[in-house]
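Please keep the sequence and the 3D view open as you read.

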Amino acid sequence: MSESRPGLHPVSRELFIRGMRQVASSVAVVTTSGAEGRHGATVSAFSSVSADPPQLLVCLRSASRIAAAVEGNGAFCLNILSHRHPHVAERFSGLHDGTVSDRFEGIDVQQGQRDWIVLKDSTAFACHVCGRLAAGTHTIFLGQVAHVQTSEHDPLTYQHGRYRTLAP
Ligand SMILES: Cc1cc2nc3c(=O)[nH]c(=O)nc-3n(C[C@H](O)[C@H](O)[C@H](O)COP(=O)(O)O)c2cc1C
């Protein structure tokens with residue numbers, strides 16, 4: 001294919017996606033609870049934004065249930081998954097929605113956390129929504145980080161449509 005040759009080529013949707021599939025990302029689950037109800041979804045489009053004040057961003061498809069729930073609740077928790085949890089990523093990507101009615105069923109949640117749903121063994125950032133920006137089909141939610149759970153586990157990664165673990 002001519003686009004495979006080195007050098008810049010005019011963008012198309014397919015070329016953009018092909019380039020992005022090369023990117024290795026950590027995998028997280030955005031959880032939210034409150035008046036709009038409890039929900040969670042797997043994401044890889046997230047980033048640290050600032051340490052002073054502590055802020056991060058996550059990109060959610062605007063027409064999704066998770067975007068509506070985060071918007072309505074005004075808060076979310078970004079749970080960075082450990083390499084042991086590809087099945088959690090699959091669950092919250094909706095892969096089993098046809099057979100499991102509640103994505104949280106059987107998922108280990110840290111007990112004793114008020115207001116936020118913190119997944120066990122994740123590095124977790126509990127946020128209040130402090131900004132949003134519509135961008136194409138997605139909404140960029142800016143989160144003001146209020147609480148953090150740390151974890152020593154290596155992160156789960158995703159590249160070329162596959163879950164992977166870091167090499168030593
Ligand atoms: C590895 C992986 C990464 C994903 N990253 C995102 C993402 O960054 N933003 C997004 O909106 N959806 C992302 N998705 C898709 C959502 O997890 C999926 O659409 C989910 O079912 C949304 O839930 P909802 O439709 O109940 O809101 C990703 C899926 C996978 C498997």
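The report below goes from the whole chain to its strands, its ligand shell and a few backbone details.

## Model and confidence

This is a predicted model, in which local features need pLDDT of at least 70, side-chain atom pairs count only at pLDDT 80 or more, and totals for chains, interfaces and linings use all residues. Residues are numbered from 1 along each chain as its sequence is written.

The mean pLDDT (the predictor's confidence in each residue, from 0 to 100) of the chain is 96, and 99% of its residues reach 70 or more.

## Overall fold

The chain holds ten strands and three helices; these are DSSP runs numbered from the N terminus, with H or I over at least four residues for helices and E over at least two for strands. A compact globule of 168 residues would have a radius of gyration near 15 Å, and the 17 Å of the chain agrees with that. The radius is taken over C-alpha atoms, and the globule rule is 2.2 Å times the number of residues to the power 0.38. Along its principal axes, the C-alpha trace spans about 55 × 40 × 35 Å.

Of the contacts in the chain with a separation of 6 or more, 65% link residues 24 or more positions apart; a contact means that two C-beta atoms, placed from the backbone, lie within 7 Å. Buried residues make up 25% of the 168. Here a residue is buried if 20 or more other C-beta atoms lie within 10 Å of its own, exposed if 12 or fewer, and partly exposed in between, with C-beta atoms placed from the backbone.

Strand β2 (residues 28–32) is largely enclosed by the rest of the structure, because five of its five residues are buried. A28, V30 and T32 point one way, while V29 and T31 point the other way.

Two strands pair if DSSP finds at least two bridges between them. β2 runs antiparallel to β3, with five bridges joining them, and V30 has A41 as its bridge partner in β3. The two strands form a hairpin with six residues between them, and G34 in the turn has a positive phi of about 150 degrees. β2 also pairs with strand β6 (residues 75–80), in the antiparallel sense and over four bridges; there, T31 is partnered by C77.

## A three-stranded open sheet

An open, antiparallel sheet has the order β1-β9-β10. Its edge strands, β1 (25–26) and β10 (162–164), each pair on one side only. Two bridges join β1 to strand β9 (residues 157–159), and S26 has T157 as its bridge partner.

## Around the ligand

Which of the 16 residues around the ligand come nearest? They are V43, A45, S64, R65 and G94; a residue is near if its C-beta atom, placed from the backbone, lies within 6 Å. β3 (39–43), β5 (54–61) and α2 (65–73) each supply at least two residues of the shell.

By class, the shell has nine nonpolar, five polar and two charged residues. Ala, Val, Leu, Ile, Met, Phe, Trp, Tyr, Cys and Pro count as nonpolar, Asp, Glu, Lys and Arg as charged, and the others, Gly among them, as polar.

## Backbone details

Most residues other than glycine have a negative phi, and most peptide bonds are trans. A cis peptide bond joins D52 and P53, with omega about 5 degrees, and P53 is found in the loop between β4 (46–51) and β5.

H160, in the loop between β9 and β10, has a positive phi near 55 degrees. H160 counts as exposed, with 10 C-beta neighbours inside 10 Å.
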